[in-house]
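Subject: Structure handover

Hello,

I am passing on the structure we spoke about. Please open it alongside this message.

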Amino acid sequence: MSDDRVRSARMESPLGALWVTVAEGALTGLYMDGQEGCPSVDDARGRDDDAVRPVAAQLVEYFEGRRTAFDLPVRPRGTPFQLKVWEALREIPFGTTVSYAELARRIGAPTSARAVGAAVGKNPIGIVVPCHRVVGASGALTGFAGGLDRKRWLLDHEGARPLLR
């Protein structure tokens with residue numbers, strides 16, 4: 001996929017500005033302002049509000065409390081291990097949390113909690129691929145590329161209960 005096929009747009013949200021990128025009809029990036037990897041505010045190449053409209057519409061519904069699951073094709077770029085972790089993130093239900101160790105078990109790599117944590121931290125499609133639902137073993141909020149305040153907001157928005165184990 002060449003960069004000339006990537007379309008992007010910026011949208012406002014309760015978390016601040018979000019930058020959405022799509023290519024060939026699939027979501028390739030969803031970044032929070034200030035997040036590592038977030039396109040520059042001045043990056044107008046490929047700017048296309050119409051191309052990202054389906055993503056923006058579902059995000060608005062999510063933020064308004066009318067959507068608990070996203071029905072969007074996604075195409076993140078990453079290593080095979082990262083892709084496996086990111087796919088497992090999509091299986092964590094709205095309003096729930098899991099630990100990094102539990103996520104490692106779910107992908108068949110029970111001794112790889114740190115590697116899973118690193119992959120979670122590189123997730124290029126925040127919110128839709130819900131990395132915010134992964135917490136420390138004690139239930140504590142741990143690293144989040146968009147910042148812990150945003151992670152807390154997302155979990156509160158979803159009514160997520162603290163991890164019990």
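This is a predicted model: local features need pLDDT of at least 70, side-chain atom pairs count only at pLDDT 80 or more; totals for chains, interfaces and linings use all residues.

Residues are numbered from 1 along each chain as its sequence is written, and side-chain values use heavy atoms, with hydrogens and water left out.

Strands S2 and S3

Helices (H or I, at least four residues) and strands (E, at least two) are DSSP runs, numbered from the N terminus. Strand S2 (residues 16–23) pairs with S3 in the antiparallel sense over six bridges; two strands pair if DSSP finds at least two bridges between them. Val22 stands opposite Leu27 in S3. The two strands form a hairpin with two residues between them. In strand S3 (residues 26–32), seven of the seven residues are buried, so the strand is largely enclosed by the rest of the structure. Buried means under 20% relative accessible area, exposed over 50%, and partly exposed in between (1.4 Å probe, protein chains only).

The core

The largest nonpolar core has 38 residues, of which Val20, Leu59, Leu89, Leu103 and Ile127 touch the most other members. Such a core is a set of buried Ala, Val, Leu, Ile, Met, Phe, Trp, Tyr and Cys residues joined through side-chain atoms within 4.5 Å. Two or more residues come from each of strand S1 (6–13), S2, S3, H1, H2, H3 and H4. Leaving aside neighbours within four places in sequence, the contacts of Val20 (heavy atoms within 4.5 Å) include Arg7, Met11, Leu27, Leu30, Val55 and Leu59.

Helix H2

In H2 (residues 80–89), the buried residues are Gln82, Val85, Trp86, Ala88 and Leu89. Seen down the helix axis, they fall within an arc of 155 degrees, so they line one face of H2. The arc is that of the directions from the helix axis to the C-beta atoms. Among the elements covering these residues are helix H3 (100–106), helix H4 (113–121) and strand S5 (134–135).

Aromatic rings

The whole structure holds four aromatic pairs. Rings of Phe, Tyr and Trp (its six-membered ring) pair if their centres lie within 6.5 Å; planes under 30 degrees apart count as stacked, over 60 as edge-to-face and the rest as tilted. Tyr62 and Phe63 make an edge-to-face pair, 5.3 Å centre to centre with 70 degrees between the planes. Phe63 also pairs with Trp153, and that pair is tilted, at 5.9 Å and 55 degrees. This second pair links distant parts of the chain: Phe63 is in helix H1 (residues 53–63) and Trp153 in helix H5 (residues 148–158), 90 residues apart. Tyr62 is buried at 0% relative accessibility, and Phe63 is buried at 13%, whereas Trp153 is partly exposed at 30%. Tyr62, Phe63, Phe70, Phe94 and Trp153 form one aromatic cluster.

Two loop residues

Most residues other than glycine have a negative phi. Glu24, in the loop between S2 and S3, has a positive phi near 50 degrees and is partly exposed, with a relative accessible area of 46%. Ile127 has a positive phi near 65 degrees and lies in the loop between H4 and S5. Is Ile127 buried or exposed? Ile127 is buried, with a relative accessible area of 1%.

Regards
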